[in-house]
Amino acid sequence: MSSRVPFPAEPRRFPVPYRRAMTSRPAAGGGRWVEVDPARVARWVEGFADRHGPPATTAEGYALLLAAPDGATAELHAPPGAPASADVPGFVAAAGAPRRLGLLLVRKGGVAVGMADGVDLAFSKVDTRYVQGRTAAGGWSQQRFARRRDNQAKAVLGEATELAVRLLLPEAATLAALVCGGDRRAVDGVLADRRLAPLAALRADRLLDVPEPRHAVLVAAVAAARAVRILVRDPDPGHRGA
């Protein structure tokens, strides 16, 4: 297994809670990103073929490209930890297979750490802390508040690091990937700790867009971390099939 989990560069942020089996949003450069639960990917592909005609399939690294006769395309990107596949049945089986994922959600107001075993959250720990908001006061008062706020934020990152060391690091050898969420700079700061190098090597490019970490947010993050991302581009109006 590669030391880093390949994943498409854009977009990397996933909204959580992940309440629906499928979500969609515009893609930079045209088309739209569709996020599908692994159990529904086969049905989604069938619907694509019904709408656009039987597609040709090409493997491109960790993605499958479906090219329909009418010019429509769909790029199916494997979720973190899933191996590459050369065809749709293999992709569906790999995407839906049980695997262990580490979860690390960090924001200035708290941290949530857990491990997903398949679709279930095997264990978790959530810690929330008060971080003072910005103040409009000036002079020494503003500087004092800023220092206090920085110290509170550093305490959150320190707690996140220790939780990752205590709970996730012992499981590193069993994880298919580490999926992070929240504030990217905060996550980067946690994983910069040299003790966490084995986890940093497993870090997926996918970054979950989460509110302040809570247990419910961590539970919802399991589905978001396992979702299959599909870049869909509709046919050009001027396209003529063969």
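Reply: Let's start with a term: a contact means heavy atoms within 4.5 Å. Of the contacts here with a separation of 6 or more, 62% are between residues 24 or more positions apart.

Me: Okay, and where do these values come from?

Reply: This is a predicted model, so local features need pLDDT of at least 70, side-chain atom pairs count only at pLDDT 80 or more, and totals for chains, interfaces and linings use all residues. Residues are numbered from 1 along each chain as its sequence is written, and side-chain values use heavy atoms, with hydrogens and water left out.

Me: What is pLDDT, and what does the protein average?

Reply: pLDDT is the predictor's confidence in each residue, from 0 to 100. The protein averages 84, and 79% of the residues score at least 70.

Me: Where is confidence lowest, and where is it highest?

Reply: Strand β1 (residues 13-15) is lowest with a mean of 47, and helix α5 (residues 197-200) is highest at 98. Over residues 1-14 pLDDT stays under 50, although the model has 49 contacts beyond four places in sequence for them. Where pLDDT is low, the predicted coordinates should not be read in detail.

Me: What's the largest nonpolar core like?

Reply: A nonpolar core is a set of buried Ala, Val, Leu, Ile, Met, Phe, Trp, Tyr and Cys residues joined through side-chain atoms within 4.5 Å. The largest one has 22 residues, and L104, V106 and L178 have the most contacts inside it. At least two residues each come from β7 (100-107), β8 (110-117), α3 (139-168), β10 (177-182) and α4 (184-191). Helix α3 gives the most, with five residues. Apart from this core lies another, of 20 residues, including A82, F91, A95 and V228.

Me: Why would those side chains gather like that?

Reply: As a general point, nonpolar side chains in soluble globular proteins tend to be buried together.

Me: Which residues does L104 touch?

Reply: Leaving out residues up to four places away in sequence, L104 touches V111, A112, V113, L178, V179, C180, G181, V190 and L191. V113 is also the bridge partner of L104 in β8.

Me: How do β7 and β8 sit together?

Reply: They run antiparallel, joined by eight bridges, and a hairpin connects them through two residues. Two strands count as paired if DSSP finds at least two bridges between them. Strand β8 also runs antiparallel to β9 (residues 120-128), again with eight bridges. In that pairing, A112 stands opposite V126. The hairpin of β8 and β9 has two residues between the strands, and G118 there takes a positive phi near 70°.

Me: Is β8 enclosed or open, and why?

Reply: Seven of its eight residues are buried, so β8 is largely enclosed by the rest of the structure.

Me: New topic: how many salt bridges are there?

Reply: A search of the whole structure finds eight. A salt bridge is a side-chain nitrogen of Lys or Arg within 4 Å of a carboxyl oxygen of Asp or Glu.

Me: What does D234 pair with?

Reply: D234 forms a salt bridge with R32, and their closest N and O atoms are 3.2 Å apart. D234 is in the segment after β12 (228-233) and R32 is in strand β3 (residues 32-36), so the pair ties together parts that are 202 residues apart in sequence. D234 is partly exposed at 48%, and R32 is partly exposed at 30%.

Me: Which residues form a network of salt bridges?

Reply: R100, D117 and E171. In it, the side chains of R100 and D117 meet at 3.6 Å, N to O.

Key
Buried means under 20% relative accessible area, exposed over 50%, partly exposed in between (1.4 Å probe, protein chains only). Helices (H or I, at least four residues) and strands (E, at least two) are DSSP runs, numbered from the N terminus.
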